[in-house]
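Me: I'm new to this one and would like to learn how to read its charged pairs. Could you walk me through them?

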Amino acid sequence: MELISEWVSWSNFFYIIGLVIAGYATSVTVKNRQIVVEIGELVKALEDGMRDKKLTKAEKDKVMKEALDVAKAVIQSKWKLWK
């Protein structure tokens, strides 16, 4: 009984819960990798555009294109779930 009580504790319980959450987050990220890539490109386009604190027409167009790419990746990901 003492051996079991060493393994069953609140800290081990929270550790296992953390591992489960991390595993789930990893599987979601791997499954939806394209969404993560597109969001990264959107953030980069925004950072590049806002360096001088103003967005030009071309920069706005690039940001909008990246936002549409994110939306497309989300739609494609959801569509794959039903196929």
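Reply: Happy to. Let's begin with a term: a helix here is a DSSP run of H or I at least four residues long, and helices are numbered from the N terminus. Keep in mind that this is a predicted model.

Me: How many salt bridges does the structure hold?

Reply: Here's the general idea: side chains of opposite charge can pair when their charged atoms come close. In this structure there are five salt bridges. Let's take a few of them in turn.

Me: Where do lysine 57 and aspartate 61 lie?

Reply: Both belong to helix α4, which covers residues 57-82. They sit four residues apart, and that is about one turn of the helix. The two form a salt bridge, with 3.2 Å between the closest N and O atoms.

Me: Is lysine 57 buried or exposed?

Reply: Exposed means over 50% relative accessible area. Lysine 57 has 60%, so it is exposed.

Me: Which residues do the salt bridges that share partners join into one network?

Reply: That network is made of Lys44, Asp48 and Arg51. One link is the salt bridge from lysine 44 to aspartate 48, where the closest N and O atoms are 3.1 Å apart. The other runs from aspartate 48 to arginine 51, with the closest N and O atoms 2.9 Å apart.

Me: Why are lysine 44 and aspartate 48 separated by about one helical turn?

Reply: Because they are four residues apart in helix α3, which spans residues 33-49.

Me: What about accessibility for aspartate 48 and arginine 51?

Reply: Aspartate 48 counts as partly exposed, at 26% relative accessibility. Arginine 51 is exposed, with a relative accessible area of 65%.

Me: And glycine 49, is that residue buried or exposed?

Reply: The cut-off for buried is under 20% relative accessible area. Glycine 49 comes in at 2%, so it counts as buried. This glycine lies in helix α3.

Me: Which residues does glycine 49 touch, leaving out those up to four places away in sequence?

Reply: On that count, glycine 49 touches Lys54, Leu55 and Glu59.

Notes:
Residues numbered from 1 in each chain as written. Predicted model: local features only at pLDDT ≥ 70, side-chain atom pairs only at ≥ 80, totals over all residues. Heavy atoms only, no water. Salt bridge = Lys/Arg side-chain N within 4 Å of Asp/Glu carboxyl O. Helix = DSSP H or I, 4+ residues; strand = E, 2+ residues; numbered from the N terminus. Buried < 20%, exposed > 50% of the residue type's maximum accessible area, 1.4 Å probe, protein only. Contact = heavy atoms within 4.5 Å.
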